[in-house]
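Visitor: Hi! I'm new to this one and have it open beside me. Could you walk me through a few parts of it?

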2 protein chains.
Amino acid sequence: MMAETQQEDFARIDAYWRAANYLSIGQIYLFDNPLLREPLTRAHCKPRLVGHWGTTPGLNFIYAHLNRVIKAQDLDMIYVIGPGHGGPGLVANAYLEGTYSEVYPDVSQDVRGIKKLFKQFSFPGGIPSHVAPETPGSIHEGGELGYALSHAFGAAFDNPDLIVGCVVGDGEAETGPMATSWHSNKFLNPARDGAVLPILHLNGYKIANPCFLARIPEEELLKLFEGYGWAPVLVEGHEPDIMHPKMAKAVDAAIAKIKAIQADARTNGFNGRPSWPMIILKTPKGWTCPKEIDGLRAEGYWRAHQVPMGDMDKPGHVHILEKWMRSYRPEELFDEDGALIPELQELPPKGSRRMSANPHANGGLLLRDLRLPDFRDYAQDVPAPGGSMAEATRVQGEFLRDVMRLNLQQGNFRVFSPDENNSNRWQAILEVTNRCYVADIYDYDDHLSPDGRVMEVLSEHQCQGWLEGYLLTGRHGFFSCYEAFIHIIDSMFNQHAKWLKVCNEIGWRRPIASLNYLLSSHVWRQDHNGFSHQDPGFLDHVAAKKADVVRIYLPPDANTLLSVTDHCLRSRNYVNVVVAGKQMAPNWLSMDDAIRHCTAGIGIWTWASNDEDSEPDVVMACCGDVPTLETLAAVDMLRQQLPELKVRVVNVVDLMKLQTPQQHPHGLSEGDFDALFTPDKPVIFAFHGYPALVHRLTYKRRNHQNIHVHGYQEEGSTTTPFDMTVLNHLDRFSLFQAVIDWVPRLATRAAYAKQAIRDKLLDHRRYVDEHGEDLPEVRDWRWGGGRISSRIADTSADNV
Amino acid sequence: MMAETQQEDFARIDAYWRAANYLSIGQIYLFDNPLLREPLTRAHCKPRLVGHWGTTPGLNFIYAHLNRVIKAQDLDMIYVIGPGHGGPGLVANAYLEGTYSEVYPDVSQDVRGIKKLFKQFSFPGGIPSHVAPETPGSIHEGGELGYALSHAFGAAFDNPDLIVGCVVGDGEAETGPMATSWHSNKFLNPARDGAVLPILHLNGYKIANPCFLARIPEEELLKLFEGYGWAPVLVEGHEPDIMHPKMAKAVDAAIAKIKAIQADARTNGFNGRPSWPMIILKTPKGWTCPKEIDGLRAEGYWRAHQVPMGDMDKPGHVHILEKWMRSYRPEELFDEDGALIPELQELPPKGSRRMSANPHANGGLLLRDLRLPDFRDYAQDVPAPGGSMAEATRVQGEFLRDVMRLNLQQGNFRVFSPDENNSNRWQAILEVTNRCYVADIYDYDDHLSPDGRVMEVLSEHQCQGWLEGYLLTGRHGFFSCYEAFIHIIDSMFNQHAKWLKVCNEIGWRRPIASLNYLLSSHVWRQDHNGFSHQDPGFLDHVAAKKADVVRIYLPPDANTLLSVTDHCLRSRNYVNVVVAGKQMAPNWLSMDDAIRHCTAGIGIWTWASNDEDSEPDVVMACCGDVPTLETLAAVDMLRQQLPELKVRVVNVVDLMKLQTPQQHPHGLSEGDFDALFTPDKPVIFAFHGYPALVHRLTYKRRNHQNIHVHGYQEEGSTTTPFDMTVLNHLDRFSLFQAVIDWVPRLATRAAYAKQAIRDKLLDHRRYVDEHGEDLPEVRDWRWGGGRISSRIADTSADNV
């Protein structure tokens, strides 16, 4: 290999690099005269210059060198770009390789095409300045910094032949998520997974500040990455003639080392975590732009971050630009028609070896359906509503165990969790696989192995980043997380949802598996952890995103959770958020009923209602496991104490049903909504999360002013489960009270009941304060005390 | 000092440690019989065991050793605890030092008090299991992992005599925010700031998994921290007799090194970033608990994480517990009354030297008001509404420059930003101070100095964590951030808001300065960055938190921003979120009007309205700078094209005015709301963020069904400023159109206008697509074209 390197024509690589740089600058500045075939004028420049140059020449340099080694060794590589505003460089390279014109035929391989390429960049209706979904070869937009390496590792998992080149900017390197993601090497198995080749690009500056990794002694820098478990090689300089051979040597050595590690592990079996190669590339920011502009330092300084000359109306700037662009000698690079000269066209890899056309970077192309067991086989037997109990997520874990088992051979399914897999009751999965661990393992360790497919690390950022990378390259997964702390990745979710939204608008991007969240250890059961661990607000956060990419499910029991889980694993291009409890709780629906209920997403529980075919006096709506339990307990009291009251119970599994069809594709029509919730009767709505979310989803509904939502109000800390509901007025007594308050003409008749409720709540307070446990009558409550439930078992087939 | 160490009575330290461990276990398990003066029975144990033991003995061990050195050297130290569930240990130590009984007299220094101490832990109405605000000496709850070290550094900044002992759990050490926060040493000036002594506590396990830093070779571990720039010392073992002298030696050496570094920098001036000491403490998880329980490994394993014996009904468990607790020999530690024996009472430091009573950990005690310049002095001259222009945040930066200047001597004000200080237009601050930088500085660097008070690092987590630590110890600050990426710290904001909410309920916690955010580079002006950088949802996130701690302001121009900024800097115990633009935009209000408007928080802009004292036909409401501009432009068109239409313009600065007074203390009364928005007229509401937020805040209002909100709909990417509003229907034409749509009987009469709007939008589209710039008539638009504005200048004093 090294011999081949010696034979490389570095002049040709340099020419290719110049072509990419030229096209990058053209995108930022030029409106016309793309190949400078006439003297440049102000009119040839864009009116508003809104790109960034700083990171681009380095990205192009690396690209050219990865191309060299891909071609020389027929490698399967993709390129993940951490730095923001790397768009021009990657677009330029995709264009040079021909991919861009293949997916966007209008941007052709000629002068006309180059002009289009230039104009569209950062232009209304054009393409953004990051490595956005519009960019062929990208699985990572960059710009929101911190996740490049997590994405790269996610892409490498279970792709033994893939090498992911990953550029980490030195700005990004200051972020927390990036700082821990270097430890991903403790979770990558050289026998099974592909490789990640990180290239830490120290160009020294961010928007306006130096980067600290470029401002520590070399000894410290190398120790840091050795301490992270890598074998770093430093490539530093600015003279192209010197840098090309240096970089080629470093890349060749890195690839050789990767191959040696893999060959050893694949021949002799895994025998310890290897020290993988990485490259630290130190080049000037804005490399090859003018050293000074208007007497101020440009190349190698923060002023090169954005557009080195932002104001083209300033005298002399057009001239500086022209001189700068001509320094790349475009006339040597493009032929008469504007096509890249044949000698350079030969340089990059061909077909799917092009990083811009590698199918891993358009994961839907490689996506294979999961082999799924029949989720009905995991059904809980429900002799009557509330007639059996289960830990819903434990049942889900049994289903997922067999999903895992059936796809072990395909090797395209993993689950991810911040050290919460077992806490969230997915233990069963460990019956068929282990936790993935490539750091030291002791003999008494519990289900740890380099071959494991349960990814556990105490970093929600890493879980999310790995999973995204895994999905974007065409595989499947599920992320289980404590509900409160999923907010840690709010911003990452945003970016993924945005990515999906844009992909939906790009024909050549193929659908990928949905990003599935199980949120458990939820707000109502933080008995151990208290106030700091209570937060149901991720639902609010998700609901703000584009309706065509987000789905929110709150199955009330184990069978509904199974049905929802099956649905999520089959879906594509969504973010599915599933909230479910892990504590022992009643099963309400048989599997058949659960399927019907989940298919509808919302429905009347006729077995719990007594309004028959008439209008009810009140609708008791519920969404979430604990709210459903408390609602049914309240209904039970109503049935006993106010038997003449006509009560309808509506349960919501699919939260987006509450919106209108204009707002969300799942939204109920006006007629259907009114048929469930009535046009004018009081609705007492017990909701898992913040009440405001239900108001926000239903404000367009006719009966909205009669919807009274009970939910989490940021009250309660370490206390009993029932006390949490009392403190937030979601408990059965408060729901009963609400019925009395809101059903007209009931208040006086129900005075006796009001007093009884007050007494009950006092009993509760006294008992809990003394014993630290809930009242036995609350703990032991069963739907209908056996009385109603046995009756309704007969009619359960009527569920919507 | 080392000599002193030799003379220490390690047996006494061990006894003190045993006392703390004993009290910790008692909190987790015992309901009665606190000092085991009778044989332990099931009835003495709590019915539900909901604590955690795993981290506690290590925390207590460190506490005892820090106490030793504090007393020996009269040190000023506080103790920041990263690990979750460290509550029992810290409460035990605060109790042993007497602080707990001082702030909670009911928990007295006797058997009765110990019984109360035990019962309250993780008990309804009691205290949580984390180091929550209820714990004296705590500024950091732990549990949401990742921020201990950032908080510690925030506490150390500008506190030259303070040493912050900071325990980092090995679980927490896997998180991203923690992984980058080790680099905080590049921002701490030994001449000016205090010191942080990190103690990385490797006890090997998280909830159910090993921690990777405990599973890498020692050489790698040490290199990693040397690479981070620290001088690590490893203290490893499990036999108390050996560990006490080892730890004492390491602590003495660390303190000596800290003092030497500080003495050098303070005598000879800052001369380079020092290599600060840190301790890596490797002890078994659940240290000193039974080695095995029920035949399964307990001490030194993940099973010791929570309650080693969760089920006290299981035969033999009560006996195991009794034996375990008696192993600490309580009878040697507490006297007849249940008080700590005098010999041990002498051991800890006294008064405010106790870490549990150090005033830095109750920052409000030390809080000094900022010296504030008169914000009116920075007023923009506004000859008429829209009659002058400014970059609002640049004007704010000038005010903040002088806030900085006036408090340089107090040394209690810093600003924080992820490399966005200048981008967000706070350049002026650099006229009086520099960016803080303790890594290498080059001669051509721009305003970098170890003495700087502008904290810039490309990590929102670090900015937030440092600022929180700075505020919690009684200082002031402001965080400026791109609006979209403030979501990165959603979860940290949650925890801080929760902390403030709980502090409001604790008498001895004194109010601290508010956490102030400037969100700029906002959703409407992402011309450079496009879709991935657009997200106004932090407002939704904040609005979900308790009303008594959150405030949201959207000043429409520079003078209102000044007024709001002044208010925020004076406020206490809030989170203030201020959204403001950095681009050149019209000034609407003179300073006097701005003050009146901001004081009211919401009001009719009479100068822009023509409804005089009568009922308007339509209310044009606006909130945010761009929505205000578009609203006024729409009103201008309405005035010209439909002059008989009575239009009222309402501007909202204080978003919480929209809620009811029951929901938020700032909420408008029903009458006031109706007086502004009318009970029944259409309200066209142009909002900065997601429309749903306005619906959620106003759904209880009488006129809610007539409020039609225009806001961000996740549309648009890199495009022109006006095109962004068009794509999201927030533009003047769409607002005009909405008036036609919603004002009864206007539709037919305004048919001509509708056509004109369609034409305008087509003109816009064509122009933007061709030129990449907005239509000149949009760019050049001025309120009333001088016509209306000159008239209204006379009446501007009528503003509410």
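Visitor: What do the buried residues of H11(B) pack against?
Guide: In this predicted model, they pack against helix H2 (10-29), strand S6 (292-293) and helix H12 (330-333) of chain B.

Visitor: And which residues of that helix are buried?
Guide: Helix H11 spans residues 317-326 of chain B, and its buried residues are His317(B), Val318(B), Leu321(B), Glu322(B), Trp324(B) and Met325(B). They cover an arc of only 165° around the axis, so they sit on the same side of H11(B).

Visitor: Which exposed residues does the face turned away from that buried side carry?
Guide: His319(B) and Lys323(B) are the exposed residues on that face of H11(B).

Visitor: Staying in chain B, where is Val768(B) found?
Guide: Val768(B) belongs to helix H25, which covers residues 751-771 of chain B.

Visitor: Is Val768(B) buried or exposed?
Guide: Val768(B) counts as buried, because its relative accessibility is 0%, and buried means under 20%.

Visitor: What is Val768(B) in contact with, leaving aside its neighbours within four places in sequence?
Guide: There are contacts in both chains. From chain A come Phe123(A) and Pro124(A). From chain B come Thr719(B), Thr720(B), Asp723(B), Glu773(B) and Asp774(B).

Visitor: How many Å separate the C-alpha atoms of Val768(B) and Asp193(B)?
Guide: Those C-alpha atoms are separated by 53 Å, and the two residues are 575 residues apart along the chain.

Visitor: Let's switch to chain A. How many helices and strands are there?
Guide: Chain A has 27 helices and 22 strands. Its radius of gyration is 30 Å, close to the 28 Å that the globule rule gives for 800 residues, so chain A is as compact as a globular protein of that length. Along the principal axes, its C-alpha atoms fill a box of roughly 90 × 65 × 45 Å.

Visitor: What share of its residues count as buried?
Guide: Of the 800 residues in chain A, 70% count as buried. As for the surface, the accessible area of chain A is about 23,700 Å², and 50% of that belongs to carbon and sulfur atoms.

Visitor: What about contacts along the sequence?
Guide: Take the contacts in chain A between residues at least 6 apart in sequence: 78% of them join residues at least 24 apart.

Visitor: And the charges, how many Å apart are their mean positions?
Guide: The mean positions of the 79 positive and 101 negative charges of chain A are 3 Å apart.

Visitor: I noticed Leu36(A). What is its phi?
Guide: Leu36(A) has a positive phi of about 55°, although it is not a glycine. You'll find Leu36(A) in the loop between helix H2 (10-29) and helix H3 (56-73) of chain A. Leu36(A) is buried, with a relative accessible area of 4%.

Visitor: And what about Glu714(A), which loop is that in?
Guide: Glu714(A) is in the loop between strand S22 (707-710) and helix H23 (721-727) of chain A. Its phi is positive too, at about 60°, and Glu714(A) is not a glycine. With 3% relative accessibility, Glu714(A) counts as buried.

Visitor: Last one: where is Ile604(A)?
Guide: Ile604(A) is in strand S18 of chain A, residues 602-604. Ile604(A) is buried, with a relative accessible area of 16%. From C-alpha to C-alpha, Ile604(A) and Gly711(A) are 20 Å apart in space, and they are 107 residues apart in sequence.

Technical notes:
Residues are numbered from 1 along each chain as its sequence is written. Chains are lettered from A and ligands numbered from 1 in the order in which they are written. This is a predicted model: local features need pLDDT of at least 70, side-chain atom pairs count only at pLDDT 80 or more; totals for chains, interfaces and linings use all residues. Side-chain values use heavy atoms; hydrogens and water are left out. Helices (H or I, at least four residues) and strands (E, at least two) are DSSP runs, numbered from the N terminus. The radius of gyration is taken over C-alpha atoms; the globule rule is 2.2 Å times the number of residues to the power 0.38. Buried means under 20% relative accessible area, exposed over 50%, partly exposed in between (1.4 Å probe, protein chains only). Contact means heavy atoms within 4.5 Å. Accessible areas come from the Shrake-Rupley method with a 1.4 Å probe; for residues, only the protein chains shown count as cover. Lys and Arg count as positive and Asp and Glu as negative; His and the chain ends are not counted. The place of a charge is taken as NZ of Lys, CZ of Arg, CG of Asp or CD of Glu. The arc is that of the directions from the helix axis to the C-beta atoms.
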